[in-house]
Amino acid sequence: WNYYRMYFAFDDILITVSYTADPDKVKELFLKALDENYEVLRNPAPVVRLQAFTENGFQFMVRGYLSHDKVLDQNEIASDIRLE
């Protein structure tokens with residue numbers, strides 16, 4: 001499926017932020033980080049979703065798609081997004 005489409009999703013990043021944070025602003029910042037990373041494809045569009053309400057705060061799921069030739073670089077790209 002991924003090979004046929006010529007892209008794949010890196011492993012979902014799960015990030016928990018405090019309940020004092022504005023969830024809309026958090027989503028906006030995650031989307032900005034994905035948008036500013038030139039390795040992340042624009043189509044299909046990255047996904048940022050409020051995944052759960054945890055004991056420690058809002059849990060967000062961040063997913064980006066990469067070109068099939070970035071398989072070996074996916075962990076480094078995901079790390080860059082986490083750091084951003």
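This is a predicted model: local features need pLDDT of at least 70, side-chain atom pairs count only at pLDDT 80 or more; totals for chains, interfaces and linings use all residues.
**Exercise 1.** Determine which residues of H2 are buried and how they are placed around the axis of the helix.

*Solution.* Begin with the dimensions of the helix: H2 has 14 residues and reaches 20 Å from its first C-alpha to its last, close to the 20 Å expected at 1.5 Å a residue. Next, list the buried positions in H2, which are Val-26, Phe-30, Ala-33 and Leu-34. These residues cover an arc of only 100° around the axis, and therefore they lie on the same side of H2. In general, an α-helix has 3.6 residues a turn, so residues three or four places apart point the same way. Finally, what covers the buried residues of H2 includes strands E2 (13–17), E3 and E4 as well as helix H3 (74–83).

**Exercise 2.** Classify the aromatic pair formed by Phe-30 and Phe-60, and state which elements the pair ties together.

*Solution.* The ring centres of Phe-30 and Phe-60 are 5.7 Å apart and the planes stand at 65°; because an angle over 60 degrees counts as edge-to-face, the pair belongs to that class. Phe-30 lies in helix H2 and Phe-60 in strand E4 (residues 58–63), so the pair ties together parts that are 30 residues apart in sequence. Both residues, Phe-30 and Phe-60, are buried.

**Exercise 3.** Describe what is found at the N-terminal end of H2 and in the loop that holds Asn-37.

*Solution.* At the N-terminal end, Asp-22 caps H2, with a side-chain oxygen 3.0 Å from the backbone nitrogen of Asp-24. Asn-37 lies in the loop between helix H2 (23–36) and strand E3 (47–53). Asn-37 counts as buried because its relative accessibility is 11%, under the 20% cut-off.

Terms used:
Residues are numbered from 1 along each chain as its sequence is written. Side-chain values use heavy atoms; hydrogens and water are left out. Helices (H or I, at least four residues) and strands (E, at least two) are DSSP runs, numbered from the N terminus. Buried means under 20% relative accessible area, exposed over 50%, partly exposed in between (1.4 Å probe, protein chains only). Rings of Phe, Tyr and Trp (its six-membered ring) pair if their centres lie within 6.5 Å; planes under 30 degrees apart count as stacked, over 60 as edge-to-face and the rest as tilted. The expected span of a helix is 1.5 Å times one less than its number of residues. The arc is that of the directions from the helix axis to the C-beta atoms. Contact means heavy atoms within 4.5 Å. A polar contact is a pair of N or O atoms within 3.5 Å; within protein, one must be able to donate a hydrogen and the other to accept it, and residues adjacent in sequence count only if both atoms are side-chain atoms.
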